[in-house]
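I opened this model today to note how its chains are built. My entries follow in the order I looked things up.

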Amino acid sequence: MSMLARLLRRLGRASIGAIERLGFVTRFYFAILRQSGTSVVRPQLVVKEIYQAGVLSLIIVMMSGLFIGMVLALQGYETLARFGATESMGVLVALSLVRELGPVVAALLFASRAGSAITAEIGLMKTTEQLAAMEVMAVDPIARVVAPRFWGGVISLPLLAALFSMLGVYGGYLVGVQLIGIDGGSFWGQMQASVDWRYDIMNGVIKSIVFAFAVSLIAVFEGYDAKPTAEGVSAATTRTVVTSALTILALDFVLTVFMFRGGIN
Amino acid sequence: MNRKIIDLWVGIFVAIGLGALLFLALKVGNLLSINEDRRGYQIEARFDNVGNLKPRAPVKSAGVVVGRVESIRLDDKTFEGIVRLHIYSQYLFPRDTIAAIFTSGLLGEQFVSLEAGGDTVMLKDESKIAKTQSAIQLEKLVSQFMFSKAQDSAPPAPSAGGAATPGAKP
């Protein structure tokens, strides 16, 4: 009986802890929104973070997009050739990139490339008591350090996702039309006939904006919440990548259910 | 890092990011041609069988896309499929137009084809198409073909059976 009680108590404590953390994240989010005025008044702060998070992630995101597009075309050709529908390859590549792979893979790459860096930076600032020093100087660290990094991430990721999709489509074109030799006219023509601007592309952009908010919030929160020790910062960095990846995939499922219900009505 | 260089790189990044969005919209999503004729009017057609027709499938006349399928539902009195068609406003069709469901290619997507009649009165918003032709179902076609084949070969059946049995008998 006491075993059971202990087990239940532990479960209860874990649940309360999780809810507390969720509440903390929510309040932290609203604190960032409240303290965003500085980022608007001094856009240079955000520009610097866009450079750190966006520009420095360009190479990895663009290369991944190109290669994923090329692999999609090769794999798609294998399957489509069985049904004699290789002309639909443009549709296959464009839809899978614009709807799913672009936003999701770009967000995963962004979380591991830029999100972890943000967490480590803020965590180390906390460990070396730079944040506390700012507070002593009456500078709000959320306004000065956290909010610019948050907005830098929010602005960067949708642009990176669009670049990823574009290079993926180009990679598919390279392999499909140039290498395998599908007719270029039907590649683009079928793609343009089946991809809808509002239904497919806008929904993909909305996805990447939602992911941008989620990943940026997780990254700055884990950094701000890190234990001020070397192990604490390393654990926080790991948590950023793991939590971001799980959150992106879970959010992607929910968003996809709402956006593309397919035959389910 | 120099502030000017950072500004330059961020400017390049934002520009090519927005350029990529524009590329997706124009080249992949073909935004311009859709926006041109998005406005239109709605007509209804009733089919005995809509087959595999899906919402957003193209409506074509003489092979030219003139609209999209808006929605498909079942009339629970007559048990017919009611297909609402969104026709771009620059295209007008006579009142006795025939709507048919065809398949592009052997296994391609299905679309609604409008064959214009000779009436001088044109279809308006919310009007109904009287004459329709249902989707052709491949299974029915195959079974019809098989039956007619079987019937064709029925008269010389003995000889056909005779030809088959020698192999089986010995």
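I began with the secondary structure of chain A. I counted ten helices and zero strands there. Read along the sequence, chain A is α-α-α-α-α-α-α-α-α-α. I keep in mind that this is a predicted model.

Next I checked the extent of chain A. Its C-alpha atoms fill a box of roughly 65 × 60 × 35 Å along the principal axes. Chain A has 265 residues, and 44% of them count as buried. I then took the contacts in chain A with a separation of 6 or more. Residues 24 or more positions apart make up 86% of these.

I moved on to chain B. I found four helices and eight strands in chain B. From the N terminus, I read the order as α-α-β-β-β-β-β-β-β-β-α-α. Chain B has 170 residues, of which 20% are buried. For chain B, 63% of the contacts with a separation of 6 or more join residues 24 or more positions apart.

Last, I looked at one strand pair in chain B. Strand 5 (residues 98-103) and strand 6 (residues 110-115) of chain B run antiparallel and are joined by six bridges. Which residue in strand 6 of chain B is the bridge partner of B:Phe102? I noted B:Phe111 as that partner.

Key:
Residues are numbered from 1 along each chain as its sequence is written. Chains are lettered from A and ligands numbered from 1 in the order in which they are written. This is a predicted model: local features need pLDDT of at least 70, side-chain atom pairs count only at pLDDT 80 or more; totals for chains, interfaces and linings use all residues. Helices (H or I, at least four residues) and strands (E, at least two) are DSSP runs, numbered from the N terminus. A residue is buried if 20 or more other C-beta atoms lie within 10 Å of its own, exposed if 12 or fewer, and partly exposed in between; C-beta atoms are placed from the backbone. Two residues are in contact if their C-beta atoms, placed from the backbone, lie within 7 Å. Two strands pair if DSSP finds at least two bridges between them.
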